[in-house]
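Have the sequence and the model open side by side.

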Amino acid sequence: MGATQSLNVRKTPSAMADFAAGKGSFDTVFECSAAPPAIRDAIAATRPLGSFVQVGMTGDVTIPLNGIVARELRYSGTFRFKGEFAQAVEAITSGTIDVAP
């Protein structure tokens, strides 16, 4: 999918700062922790007109709505299931789905 690195902001709290500089760095962001600070940083790192996909789940959290609206982001949620994940891995591994850019 083009990912070249992952970041652990617990170990390095400022890891997202460079990506959030200016108008953001990414066209699409998948946020998988549902931790409020990670959501805030990930939205800040998403370019205007980009897509933000919330994968991680938790209870109710505060999100920076101004950042979503001002950047005109597409904000969506996805819920993964055990069965579908295994099917997706198999489809990618077997070559049924070509994920090459």
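Helices and strands here are DSSP runs, numbered from the N terminus; a helix has at least four residues and a strand at least two. The model is a predicted one. With those terms, the chain has four helices and three strands, and its elements come in the order α-β-α-β-α-β-α along the sequence.

Start with the largest pocket, whose volume is about 950 Å³. It is lined by 23 residues, and Q5, S6, L7, V29 and F30 are the closest to its centre. Which element gives the largest share of this lining? That element is β1, with five residues. Strand β1 covers residues 26-31, and both this strand and α2 (36-44) supply at least two lining residues each. Sorted by class, the lining consists of 13 nonpolar, seven polar and three charged residues.

Now step back to the whole chain. The C-alpha trace spans about 40 × 30 × 30 Å along its principal axes. Of the 101 residues in the chain, 23% are buried. The accessible surface comes to about 7400 Å², and carbon and sulfur atoms account for 58% of that surface. Among contacts between residues at least 6 apart in sequence, 40% join residues at least 24 apart.

Next, find S51 in strand β2, which runs over residues 46-54. Is S51 buried or exposed? Its relative accessible area is 16%, and because buried means under 20%, S51 counts as buried. Leaving aside residues up to four places away in sequence, S51 touches D27, T28, V29, T46 and R74. With R74 there is a polar contact between the two side chains, at 2.9 Å.

Most residues other than glycine have a negative phi. A34, which is not a glycine, has a positive phi near 70°, and E72, also not a glycine, has a positive phi of about 55°. A34 sits in the loop between β1 and α2, while E72 sits in the loop between α3 (65-70) and β3 (74-77). How do their surroundings compare? A34 has a relative accessibility of 5% and so counts as buried. E72 has a relative accessibility of 55%, and because exposed means over 50%, E72 counts as exposed.

Key
Residues numbered from 1 in each chain as written. Predicted model: local features only at pLDDT ≥ 70, side-chain atom pairs only at ≥ 80, totals over all residues. Heavy atoms only, no water. 1 Å grid on protein atoms, 1.4 Å probe; cavity = no way out; pocket = protein on both sides within 12 Å on 5 of 7 lines; lining within 4 Å. Points joined across faces, edges and corners; volume = space filled by probe spheres on them. Nonpolar A, V, L, I, M, F, W, Y, C, P; charged D, E, K, R; others polar. Buried < 20%, exposed > 50% of the residue type's maximum accessible area, 1.4 Å probe, protein only. Polar contact = N/O pair within 3.5 Å; in protein donor to acceptor, adjacent residues only side chain to side chain. Contact = heavy atoms within 4.5 Å. Areas by Shrake-Rupley, 256 points an atom, 1.4 Å probe, with all protein chains shown as cover.
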